[in-house]
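Here is a briefing on one protein model, written for quick reading. Please look at the sequence and the fold before going on.

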Amino acid sequence: MNDSSTSDIEITLWRTWALTVTHEACEYTEQKFNAEKTGGDPVIPSPKLDTDLVMACDRLVDRLIKAYKNPIQTQIDIARYSKLISPKDTGHNEEREEKLLERCPPGHEGTKLVEIPATILDASGAIIAWYLPDALTDATQKEIWAASDLLAPMLEKSVKVDGNWRTNQGWFNPSSENDALTPGCINLSPAWFQQGHENQSDLEVSASLKGASSEKILKAIARPAAIATAALRVMHPEQYWAGLRAFTSLGEKAESKELPKMSETLQYWASVFNSLSVICNRQTPNHRDHLFDSRMLRYSHNRGELF
C-alpha cells in the first residue's frame, strides 16, 4: 500500500493503480502552480512521471497561471442563483432561463468574447469558472484521438433514431471522408449505479468497460484523465480529495466482496472522477447539468462566450 496525505486528510492507494501515478502528477501540478503564483522555488517532478506527462502538466500550469492572472468580474450572486434553480430546471425552458437571469444578472450587457485563459468571478470574488484554451499538448490530443478510434464501435451503437437529446441522431454530425471520428455518446465508469437501482450494493462496472478491449481503452485515456484530474486538484481541491477517498472505499469494497471485474477496472482507471462521458461530433441544445450552467459560459474552438 502507498500512503499519501495532506495536513488533515490521509488517503490510501494501491501501488499498482494508475490513479497512483495520477496523484503524483497532481502533486507536481499543484506545487508548480503555487510556486509560480507566489514566486517560489522551482519544483522538481517525481521520477515516476514520464516526460510526456510532465510536459502536459507544465502546459496545464502555464494556462492555469495565465487564467488566474486574468480574472473577469461579474455581478452574479452564484450562491443565490444556486438556491433558485432545482433539478426541474433543465435549461430547455427559455422563458424560465430569462427570468433566472433577470433575478441574477451577470452584470454586463450582451455577449463578452473570451479568447485567452481567464477565470470568471462572481460578485463575491469567488472563481466560478476557468477558461483554459490550448491547455492540452499535441501529444495528449493525439492520445485522445487514438482513444476515440478504440471507442468507435461503441460510439456508433450509441446513436439512436428516437433517443433522448444526448443520443438522438439529429444532434450528431455524420462523419466525412476527412473526419475519421465516429459520432456517438457513451459513458465509462469503474463503478456506478445501474439504471433503476438505488442500492449501494448494486454498483457495477459500466457495460462499456466489460468488453475484451477495456484494458486497452483505459490505458489509452490514462494521460488525458490524469491532466483533467490535475486541473481539478488546483481548481477544487476538496472535490479532488473526496474523489480519492471514494476510490479507496471502492477498492476495499471490490476486494472484500470479491468483485474481480471492478478490481481489474480500478487498477487501470486514472481519473479521480468516477465516470467519463465521451461525446463525439455532437451539438447540444441549451441545457443545465446542475454542476455548471452552460448559459453563463459556452465555448467553441478557441474562444469562449460569456453571457
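This is a predicted model: local features need pLDDT of at least 70, side-chain atom pairs count only at pLDDT 80 or more; totals for chains, interfaces and linings use all residues.

Residues are numbered from 1 along each chain as its sequence is written, and side-chain values use heavy atoms, with hydrogens and water left out.

- Helices (H or I, at least four residues) and strands (E, at least two) are DSSP runs, numbered from the N terminus.
- The expected span of a helix is 1.5 Å times one less than its number of residues.
- Helix H1 covers residues 18–38, and its 21 residues should span 30 Å; the end C-alpha atoms lie 31 Å apart, which agrees.
- Gly39 follows H1 and has a positive phi, near 75°.
- Helix H5 (residues 138–150) has 13 residues and should span 18 Å; its end C-alpha atoms are 19 Å apart, which agrees.
- Thr140, Ala147 and Ser148 are buried in H5. Buried means under 20% relative accessible area, exposed over 50%, and partly exposed in between (1.4 Å probe, protein chains only).
- Seen down the axis of H5, its buried residues fall within an arc of 105°, so they line one face of the helix. The arc is that of the directions from the helix axis to the C-beta atoms.
- Asp138 and Lys142 are exposed on the other side of H5.
- The cover over the buried residues of H5 includes helix H2 (51–68), helix H6 (152–158), H7 and helix H8 (222–235).

**The site around Ser206 and Asn187**

- Ser206 sits in the loop between strand E9 (203–204) and helix H7 (214–220). Ser206 counts as buried, at 0% relative accessibility.
- Asn187 lies in strand E7 (residues 184–188). Asn187 is partly exposed, with a relative accessible area of 32%.
- In sequence, Asn187 and Ser206 are 19 residues apart; in space, they are 7.4 Å apart, C-alpha to C-alpha.
- Leaving aside neighbours within four places in sequence, Ser206 is in contact with Asn187, Leu188, Ser189 and Trp192. Contact means heavy atoms within 4.5 Å.
- With neighbours within four places again left aside, the contacts of Asn187 include Trp192, Ser208 and Leu276.
- The side chains of Ser206 and Ser208 form a polar contact of 3.0 Å. The side chains of Asn187 and Ser277 form a polar contact too (2.7 Å).
- A polar contact is a pair of N or O atoms within 3.5 Å; within protein, one must be able to donate a hydrogen and the other to accept it, and residues adjacent in sequence count only if both atoms are side-chain atoms.

**Aromatic rings**

- The whole structure holds three aromatic pairs. Rings of Phe, Tyr and Trp (its six-membered ring) pair if their centres lie within 6.5 Å; planes under 30 degrees apart count as stacked, over 60 as edge-to-face and the rest as tilted.
- Phe33 and Trp130 pair edge-to-face, 6.5 Å centre to centre with 65° between the planes.
- That pair links distant parts of the chain: Phe33 is in helix H1 and Trp130 in strand E6 (residues 127–131), 97 residues apart.
- Phe33 is buried at 5% relative accessible area, and Trp130 is buried at 18%.
- Tyr240 and Trp241 also pair edge-to-face, 5.3 Å centre to centre with 85° between the planes. Tyr240 is buried at 1%, and Trp241 is buried at 6%.
- Ring pairs join Phe33, Tyr68 and Trp130 into a cluster.
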